[in-house]
Amino acid sequence: MEERELGRSGPRIPAITFGAWPVGGGMGPVDEATAIATIRRALDLGITAIDTAEYYRTSESIVGRALRGVPRDGVFVATKVSAEPFTRARVREALDNSLRALQTDHVDLYQLHRYPSSVPLEEALAGLADAKESGKARYVGVSNFTVDQLRTANALYPIQSLQPRLNVFDAEAARDLLPFCHENGIGVIVHSPLAKGLLTGKYRPEDRFAAEDERHAMPRFREETFRRYLAAADDLASLARSRNLTLVQLAIAWTLAQPGATSCIVGAKSPAQVDEHVGAIGASLTAEDLARIAAIGASV
Ligand SMILES: NC(=O)c1ccc[n+]([C@@H]2O[C@H](COP(=O)([O-])OP(=O)(O)OC[C@H]3O[C@@H](n4cnc5c(N)ncnc54)[C@H](OP(=O)(O)O)[C@@H]3O)[C@@H](O)[C@H]2O)c1
């Protein structure tokens, strides 16, 4: 597996990070044996970084069970504090809860899930600083910040990495956040590269999602909007076939080709899905292909 440096003087992590929201049940039920087999397959294939969060239902404890017997220094484990307020005390308590669920004494990356909405930024950053100084987090980062929020945060406390949404249909981060991170030595681990399944080619406009699947409530997965995204996905799938890739692989390769992207967090619910993700590594898309893909994505 290709590895890249996460931020200035940061650790080397795989180009693909395992996204553990689906194995926690966020995109429909996944039985525990399948969830654990999926994580184990990812590790076997060199996807030795895992992203989870306090809010990902059963995800942290499933990851903890999947990692039993795996040498701790062989896996880069990232999690997040999700429940606000991000006071210093809450960040400390959330990290301790996560460590218990993950069955470990430290995480490799601890992140604020979003910009704090109910305490000053300084307070939340003090919580991250405590996490690092205590040795319970090797590195600290943030997720879903704007450029202005990230600039302010990084001036107050060095931010190792950002986790923004980035995929062919949601390319805003490639225009402003990634260049900013690149210039400032901040690593970028992008999330939702498959647009939560829109970029897999398997859905049809008549498909519906179960109530416990987050997509049930998302306007993109309904009616005319769903139809438009799926039509664009069909165009992208044709382009993928002409490059001997699947749509899933093209979508992952496109995010990894964006300057400034360090790793791409892909969610999976089965070992077979992970097998397909790995095929994106080494895909060669020309500058013309990348521009064509972006244009199709922006046309929706
Ligand atoms: N920081 C944040 O706010 C934030 C937000 C979202 C996600 N994330 C992180 O980013 C990760 C990735 O995002 P995500 O999991 O939400 O969405 P995603 O990676 O865009 O899509 C994952 C979903 O696509 C489908 N899929 C994956 N591989 C496939 C394959 N080979 N063939 C067919 N279908 C496939 C699966 O669902 P189905 O089979 O049911 O279609 C899977 O659950 C998360 O797990 C999480 O770690 C972070």
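Author: We can go through the helix contacts, then the pockets, and then a few places in the loops. Please keep in mind from the start that this is a predicted model.

Reader: Okay, helices to begin with. At what angle do helix 3 and helix 4 pack, and how far apart are their axes?

Author: Helix 3, which covers residues 88-102, packs against helix 4, residues 121-133, at an angle of about 40°, and their axes are 8 Å apart. Because the angle has that value, helix 3 counts as oblique to helix 4. The crossing of these two helices is right-handed.

Reader: Which residues make the contact there?

Author: From helix 3 the contact uses Arg 88, Val 91 and Leu 95, while helix 4 brings Glu 123, Ala 126, Gly 127, Leu 128, Asp 130 and Ala 131. Sorted by class, the contact of helix 3 with helix 4 has 5 nonpolar, 1 polar and 3 charged residues.

Reader: And what about helix 2, how does it cross helix 3?

Author: Helix 2, residues 59-66, crosses helix 3 at roughly 40°, and the two axes come within 7 Å. Helix 2 is therefore oblique to helix 3. On the helix 2 side, Glu 60, Ser 61, Val 63 and Gly 64 take part, and they meet Ser 98, Ala 101 and Leu 102 of helix 3. By class, this contact of helix 2 with helix 3 has 3 nonpolar, 3 polar and 1 charged residues.

Reader: Switching to pockets: how much space lies in the largest pocket?

Author: The largest pocket holds about 790 Å³ of space. It is lined by 39 residues, and the closest to its centre are Trp 21, Pro 22, Met 27, Ser 192 and Lys 196. Strand 10 (263-267) and helix 10 (271-278) each give at least two residues to the lining of the largest pocket.

Reader: What classes of residue are in that lining?

Author: The lining of the largest pocket has 15 nonpolar, 13 polar and 11 charged residues.

Reader: And the second largest pocket, what is its volume, and which residues lie nearest its centre?

Author: The second largest pocket has a volume of about 210 Å³. Its lining is made by 14 residues, and Val 168, Ala 171, Arg 175, Gly 297 and Ala 298 lie nearest its centre. In terms of class, the lining of the second largest pocket has 9 nonpolar, 2 polar and 3 charged residues.

Reader: Now the loops. Which peptide bond is cis?

Author: The peptide bond from Glu 84 to Pro 85 is cis, with omega near 5°.

Reader: Last one, what does Gly 46 touch?

Author: Leaving aside residues up to four places away in sequence, Gly 46 touches Met 1 and Pro 14. Gly 46 lies in the loop between helix 1 (32-44) and strand 4 (49-51). Met 218 is 172 residues from Gly 46 along the chain, and the C-alpha atoms of these two residues are separated by 32 Å.

Definitions and conventions:
Residues numbered from 1 in each chain as written. Predicted model: local features only at pLDDT ≥ 70, side-chain atom pairs only at ≥ 80, totals over all residues. Heavy atoms only, no water. Axes fitted to C-alpha atoms, helices over the stretch in contact; angles between N-to-C directions. Helix = DSSP H or I, 4+ residues; strand = E, 2+ residues; numbered from the N terminus. Parallel < 35°, antiparallel > 145°, perpendicular 65-115°, else oblique. Left-handed = near helix turned anticlockwise from the far one by under 90°. Contact = heavy atoms within 4.5 Å. Nonpolar A, V, L, I, M, F, W, Y, C, P; charged D, E, K, R; others polar. 1 Å grid on protein atoms, 1.4 Å probe; cavity = no way out; pocket = protein on both sides within 12 Å on 5 of 7 lines; lining within 4 Å. Points joined across faces, edges and corners; volume = space filled by probe spheres on them.
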